[in-house]
Amino acid sequence: PILTMRILSEERKQKIDQLILTAPVSVGKIVIGKYLAMCTVLLVPVMVTASYPLILSNFGTISYAEDYTVILGFLLYGMAAIAMGLFISSITENQVIAAIVSFGAMFATYMMVGITTLLTSVENVLTKTLATVLNVFDFASRFDKLLNGQFDVTVFVYYVTIIVMFLFLTAQSIQKR
């Protein structure tokens, strides 16, 4: 939330976005450029973390596949969170509100397992349908598969789909203005 809170909301507040939007670059390219810039900031500590299994291999045996699956999963989880934060930043003018709403949304995706479990415990068709819909935004349980070292292609497809969806929504919210 702190990384993404200012990326679009502050530009909108100070009317700098008018300069960017009148540039001979499409809105989609602007959104992707800002997204990739934030992903680069995330990638720096992830690359440092990626060196840890190589260093630790000097002191014992390491399962590289499991370790790098977890690191790649963390990167994808962070990239999805950045895409969500970018979208929230695009619909607000205040960076503090963008940070708070982003934190709340990311916390909700983390707690979605508990929320859907609570909803499915009620014997009602509406709550079960709502739980199924809300399960789409369950970032944590999919990430837990990767934390266990399970390489699952569906998890990677899920995170890429979430990233593309939020980037598309961000571009649409900017174009609407």
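Biologist: Taking buried as under 20% relative accessible area, exposed as over 50% and partly exposed as in between (1.4 Å probe, protein chains only), which residues of α10 are buried?

Modeller: Val155, Phe156, Tyr158, Tyr159, Ile162, Ile163, Phe166, Leu167, Thr170, Ala171, Ser173 and Ile174 are buried in α10. This is a predicted model, in which local features need pLDDT of at least 70 and side-chain atom pairs 80 or more, whereas totals for chains, interfaces and linings use all residues. Residues are numbered from 1 along each chain as its sequence is written, and side-chain values use heavy atoms, without hydrogens and water.

Biologist: What do those residues pack against?

Modeller: The buried residues of α10 pack against α2 (17-21), α3 (27-50), α5 (64-90) and α9 (139-147), with contact meaning heavy atoms within 4.5 Å. Helices are DSSP runs (H or I, at least four residues; strands E, at least two), numbered from the N terminus.

Biologist: And how many aromatic pairs are there?

Modeller: The whole structure holds ten (ring centres of Phe, Tyr or the six-membered ring of Trp within 6.5 Å; planes under 30 degrees apart are stacked, over 60 edge-to-face, the rest tilted). Among them, tyrosine 77 and tyrosine 159 pair edge-to-face, 6.2 Å centre to centre with 80° between the planes. Tyrosine 77 is in helix α5 and tyrosine 159 in helix α10, 82 residues apart.

Biologist: Is tyrosine 159 buried or exposed?

Modeller: Tyrosine 159 is buried, at a relative accessible area of 0%; tyrosine 77 is also buried, at 18%.

Biologist: Which aromatic cluster do they belong to?

Modeller: Tyr77 and Tyr159 form one aromatic cluster with Phe139, Phe143 and Tyr158.
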